[in-house]
Amino acid sequence: MALKKGVDVKPATGKLGILLPGMGAVATTFIAGVQAIRKGIGKPIGSLTQMGHIRLGKRTDNNSPAIKDYVSLAKLDDIVFGGWDIFPENAYEAAVKAGVLEKSLLEQLKPDLEAIKPMTAVFEQAFVKKLNGPNVKRGSSKMDLAEQLMEDIKRFKTTNGCDRLVAVWCGSTEVYRKPTDVHSSLAKFEAGLKGSSDEIAPSQIYAYACLKMGVPYCNGAPNLSIDTPALLELARQQKLPVTGKDFKTGQTLMKTILAPGFKARMLGLDGWYSTNILGNRDGEVLDDPESFKSKEVSKLGVIDNILQPHIYPDLYGNISHVVRINYYPPRGDAKEGWDNIDIVGWLGYPMQIKVNFLCRDSILAAPIVLDLALFIDFAQRAGMSGVQEWLSFYWKSPMTPSEDLYPEHDLFIQLMKLKNTLRYTKGDDLITHLGAEYYD
Ligand SMILES: NC(=O)c1ccc[n+]([C@@H]2O[C@H](COP(=O)([O-])OP(=O)(O)OC[C@H]3O[C@@H](n4cnc5c(N)ncnc54)[C@H](O)[C@@H]3O)[C@@H](O)[C@H]2O)c1
């Protein structure tokens, strides 16, 4: 879809159902967090939709409304949660197991969390080697499984009286795969579902079912999912917005903050070594080399795309970029990342920067899930369909509207693009920071 200036956005009336395939650490931290915020026992820190403001007009106008007052977004009180998992534990039990939020906080939210029980999942261990769980659908073919998911979606919508639904994949990272012939068109994909093609991953079956049911889709993991010609064709056909992939949280967030700074000052880079220790289930899944490969590809693309070595060969022509994730159970969700960055200054003199980030993965990811759900719902009501590049801000591996476009990774360009998209949809002037008006 072409962006349209000053569009009529359908109002956010009624309930918005947020469907989460995969209800582990990120999903339960998100759900419990929204419930805590609704009860006034927590603040939505890290969420642009809840805490961000947007400047309109000149700097001298002093007009910076809250984003949630500026564009029509669903209210937190109007959200209903649902999802699927291969483990049958309810959201309270899953949150306790994930160990991200304190037990004392979860106790206060217990009845609401206990009421959220995962629907039976579509799962195939060939795609997540380290996991196996009992809460799984059986079906005569992958198309049959997709149809069962569609029934789940229909039932969820009716039972909860939802006006609209959106989906955010929060399931485990599947093994690295490249698109094959079965992904090349919708017709071939549907034939592949009927024939239970080995090339079709569970995450693609969820994406297919959601799109068929008119549900906009976001992919929080790095594996191949909606970013295939077949599913993009379906999104276009259904006039639905989609976005992905791989939430940009800890170390990669830091990279997309620091690297644009080096480039802005024309400082060179010889190497960037990143290593992590992580002890949650995500860490365990990523301990499998094939799932790690999906993550590695997603993480490695960032530096090259920001630094453009083909334009700046003297500065960035020979970078050694290494990324490691080590599964270390005692650390749980509290990931620790170390970066060693070898930068180069005037006359080639070397310098080093060390970053030691003691982060909390799901605490960083939860507000992203909220923003994506609210913005993709906004996009749908604004009549925007296909790949939503203005949501690149949230992704390690942003999808682009066409294959020949390189993704924009610079966090600050991404934020400007996001805010200008909101201004554009409202019919307001874009802010380019030229400032010509102040000279008069
Ligand atoms: N936390 C972060 O900062 C971050 C950043 C980027 C991406 N991610 C990605 O987000 C996803 C979720 O992360 P997490 O920390 O919550 O992991 P997690 O292991 O705690 O949760 C994932 C859940 O998905 C379930 N699952 C796996 N396959 C499924 C299927 N086919 N259907 C339904 N459920 C399925 C698992 O049982 C598990 O409960 C992972 O893919 C992770 O790589 C997380």
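**Reading a ligand site and its sheet**

Mentor: In this predicted model, an N or O atom in the side chain of Thr249 is 2.8 Å from an oxygen atom of the ligand.

Trainee: What makes that pair of atoms a polar contact?

Mentor: A polar contact needs N or O atoms within 3.5 Å. The Thr249 pair is at 2.8 Å, so it falls inside that cut-off. Thr173 also has a side-chain N or O atom 2.8 Å from an oxygen atom of the ligand. For Asp85, a polar side-chain atom lies 2.7 Å from a ligand oxygen.

Trainee: How much of the ligand's accessible area does the protein cover?

Mentor: On its own the ligand has 840 Å² of accessible area, and the protein covers 98% of it.

Trainee: Which elements give two or more residues to the shell around the ligand?

Mentor: They are helix H1 (25-38), E2, helix H9 (202-212), helix H12 (281-286) and helix H15 (361-381). The ligand is surrounded by 31 residues, and the closest are Val26, Asp85, Val122, Gly171 and Thr249.

Trainee: How do the residues of that shell divide by type?

Mentor: There are 16 nonpolar, 8 polar and 7 charged residues. Asp is counted as charged, so Asp85, one of the closest residues, belongs with the charged ones.

Trainee: Which residues of E2 point which way?

Mentor: Ile79, Phe81, Gly83 and Asp85 point one way, while Val80, Gly82 and Trp84 point the other way. In a regular strand, side chains alternate between the two faces of the sheet.

Trainee: What makes E1 and E2 a pair?

Mentor: Strand E1 (residues 15-21) is joined to E2 by 6 bridges, and the two run parallel. Pairing takes at least two bridges, so 6 is enough. Along this pair, Leu20 stands opposite Gly83 and Pro21 stands opposite Trp84.

Trainee: How many bridges join E2 to E3?

Mentor: There are 2 bridges, and E2 and E3 (residues 119-120) run parallel. The requirement is at least two, so E2 and E3 count as a pair. Thr120 in E3 is the bridge partner of Asp85.

Trainee: Why are E3 and E11 called edge strands?

Mentor: The open sheet has 7 strands in the order E3-E2-E1-E4-E5-E6-E11, with parallel pairing. E3 and strand E11 (386-387) each pair on one side only, and they are the edge strands.

Trainee: Helix H9 also contributes to the shell. Why is H9 called largely enclosed?

Mentor: It is called that because 10 of its 11 residues are buried. Among them are Pro202, Gln204, Tyr206, Tyr208 and Leu211. Just after H9, Gly214 takes a positive phi of about 80°.

Trainee: Why does Gly133 count as buried?

Mentor: Its relative accessibility is 16%, and the cut-off is under 20%, so Gly133 is buried. Gly133 is in the loop between E3 and helix H7 (142-159).

Trainee: How do you know which residues Gly133 touches?

Mentor: Contact means heavy atoms within 4.5 Å. Leaving out residues up to four places away in sequence, Gly133 touches Ile86 and Phe87. Gly133 and Ile86 are 47 residues apart along the chain, yet their C-alpha atoms are separated by 4.9 Å.

Trainee: Why do Lys239 and Leu347 count as exposed?

Mentor: Exposed means over 50%. Lys239 has 62% relative accessibility, so it counts as exposed. Leu347 has a relative accessible area of 71%, so it is exposed too.

Trainee: What is the phi of Lys239, and what is the phi of Leu347?

Mentor: Phi is near 55° for Lys239 and near 65° for Leu347. Most residues other than glycine have a negative phi. Lys239 is in the loop between helix H10 (229-237) and E6. Leu347 is in the loop between strand E9 (336-344) and strand E10 (350-358).

Trainee: What makes the peptide bond from Gly244 to Lys245 cis?

Mentor: Its omega is near 0°. Most peptide bonds are trans. Lys245 sits in the loop between strand E6 (241-244) and helix H11 (251-264).

Methods. Residues numbered from 1 in each chain as written. Predicted model: local features only at pLDDT ≥ 70, side-chain atom pairs only at ≥ 80, totals over all residues. Heavy atoms only, no water. Buried < 20%, exposed > 50% of the residue type's maximum accessible area, 1.4 Å probe, protein only. Helix = DSSP H or I, 4+ residues; strand = E, 2+ residues; numbered from the N terminus. Near = heavy atom within 4 Å. Polar contact = N/O pair within 3.5 Å; in protein donor to acceptor, adjacent residues only side chain to side chain. Areas by Shrake-Rupley, 256 points an atom, 1.4 Å probe, with all protein chains shown as cover.
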